[in-house]
Protein chains: 2
Amino acid sequence: MRVAELSRRTGVSVASIKYYLREGLLPPGERTSPNQAAYGEAHVRRLRLVRALIDVGGLSVAGTRDVLAAVDADEVALHSVLGATQDALVGGAVLTDDDATERATKVLDDLVARRGWHVHESNPGRRAAVEILATSERLGTEVLVNLLDTYAETLEALARREVDAVVSRGRREDVVESAVLGTVLGAGLISALRTMAHESASAGLAGQG
Amino acid sequence: MRVAELSRRTGVSVASIKYYLREGLLPPGERTSPNQAAYGEAHVRRLRLVRALIDVGGLSVAGTRDVLAAVDADEVALHSVLGATQDALVGGAVLTDDDATERATKVLDDLVARRGWHVHESNPGRRAAVEILATSERLGTEVLVNLLDTYAETLEALARREVDAVVSRGRREDVVESAVLGTVLGAGLISALRTMAHESASAGLAGQG
């Protein structure tokens, strides 16, 4: 199909498609003349994946490119694909060098040891969690620290279910794509359902002024 | 204290402080001369809250202003503060008008009915969840839909614990600030711990190519 039909099929503008082609997020079509190229179903699918990562996941173009490179690599372990996706999703928190950060690091290390988690020092979630716990301390709020074990227990159980669901997909390319989509779209779905569950749980308190 | 000390105490640059003053995120200090103002502990605290909302929560300046207005209003119910925070956090997803969106809306409405949730039509999480479920369908991935009830059950239990922890703070101003921080920082903490839990849960699969 021509670029105009690719645009119509996916709802992505021709200008955006050309931008993604230039940025390497979308492989080039098959040249049919010096000024025209033909695109196939693989382009439709890839374009939808790109939009999901950017629009729903909030990933940058560079982050999306890293994730796609990991998805496309034949030899890369699932582990590394997840790592690239998580890096792009959680981003690089900048840690303040103060006592609050030091204490938060200890709190998180203790949690990891207590739960027996296998998590590398370089996991992007670690840095993000430390920054959030340190921010909480600086703001003098204890709500998150008090709930830390509840969060960890809940997310550990959920992660096991999520990984099982993804791995049961069987074929490597399906597993990889499901892992990426599950990580990115799952984060959005969790945030959305949490927002709904909060309203429902606090509905009885609506009268409180 | 002078603006320079406020900057030193909070690690926020003088230029940023002046920007927040202009944008109304920080109340003006007490004028001590035509060119100088004095700031107090309330400014330190508010500035830290602003940075948490912007840096950790990823809120826009406008979103932060909405949340602070709700925090500061005497008469506003806790419910509305949560609403403003959730609006700023989840943002306004733009729904595509297609069959996938229609089916996703039905899937979500059924879920809400099945779980007996009290959630207004206007809850920003609804729209975000519908868009994510519709995106999943367009991408042909079933992982999220298969896990939908698991997510809902998990987040319902978690939301109950979170609301309890916040309400137990007692004084209204503490409840409100805890609710805002819990919503925003909690979302970041969940994302970070989920990233760690995924690595731990998939650690045994590292060899899978």
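Keep in mind that the model is predicted. A rotation of 180 degrees, with 0.0 Å of shift along its axis, places chain A on chain B with an RMSD of 0.0 Å. That is the relation of a two-fold axis, and it is a handy idea to carry through the points below.

**How the two chains are related**

- The residue of chain A that comes closest to the rotation axis is Thr154(A), whose C-alpha is 3.5 Å from it.
- Both copies use the same surface, since 99% of the contact residues of chain A recur in chain B.

**Where chain A touches chain B**

- The contact involves 78 residues of chain A and 77 residues of chain B.
- On the side of chain A that touches chain B, the elements giving two or more residues are α3 (41-56), α5 (78-90), α7 (124-138), α8 and α9 (172-202).
- Among these, α9(A) gives the most, with 23 residues.
- Sorted by class, this side of chain A has 39 nonpolar, 27 polar and twelve charged residues.

**Helix α8 meets its own copy**

- Helix α8 covers residues 143-167 in chain A and in chain B, and the two axes come within 11 Å of each other.
- These axes cross at roughly 175 degrees; an angle over 145 counts as roughly antiparallel, so that is how α8(A) and α8(B) run relative to each other.
- From α8(A), the contact is made by Val143(A), Asn146(A), Leu147(A), Thr150(A), Thr154(A), Leu158(A), Arg161(A), Glu162(A), Ala165(A) and Val166(A).
- From α8(B), the contact is made by Val143(B), Asn146(B), Leu147(B), Thr150(B), Thr154(B), Leu158(B), Arg161(B), Glu162(B), Ala165(B) and Val166(B).
- The residues of this contact divide into ten nonpolar, six polar and four charged.

**Helix α3 of chain A against helix α7 of chain B**

- Here is another pair that joins the chains: α3(A) packs with α7(B), residues 124-138, at an angle of about 165 degrees, and the axes are 10 Å apart.
- With that angle, α3(A) and α7(B) are therefore roughly antiparallel.
- Their crossing is left-handed.
- Arg48(A), Ala52(A) and Val56(A) of α3(A) make the contact with Glu131(B), Ile132(B), Thr135(B) and Arg138(B) of α7(B).
- By class, there are three nonpolar, one polar and three charged residues in this contact.

**A pair within chain B**

- Helix α6 (residues 99-115) of chain B and α8(B) have axes that come within 11 Å and cross at roughly 40 degrees.
- That angle makes α6(B) oblique to α8(B).
- The crossing of α6(B) and α8(B) is right-handed.
- On the α6(B) side are Val107(B), Leu111(B) and Arg115(B), which meet Val145(B), Leu148(B), Ala152(B) and Glu156(B) in α8(B).
- The contact of α6(B) with α8(B) has five nonpolar, no polar and two charged residues.

Note on methods. Residues are numbered from 1 along each chain as its sequence is written. Chains are lettered from A and ligands numbered from 1 in the order in which they are written. This is a predicted model: local features need pLDDT of at least 70, side-chain atom pairs count only at pLDDT 80 or more; totals for chains, interfaces and linings use all residues. Axes are lines fitted to C-alpha atoms, for helices over the stretch in contact, and angles run from 0 to 180 degrees between N-to-C directions. Helices (H or I, at least four residues) and strands (E, at least two) are DSSP runs, numbered from the N terminus. Angles under 35 degrees count as roughly parallel, over 145 as roughly antiparallel, 65 to 115 as roughly perpendicular and the rest as oblique. Two residues are in contact if their C-beta atoms, placed from the backbone, lie within 7 Å. Ala, Val, Leu, Ile, Met, Phe, Trp, Tyr, Cys and Pro count as nonpolar, Asp, Glu, Lys and Arg as charged, and the others, Gly among them, as polar. Copies are superposed by least squares on the C-alpha atoms of residues with pLDDT of at least 70 in both. A crossing is left-handed if the near helix is turned anticlockwise from the far one by less than a right angle, and right-handed if clockwise.
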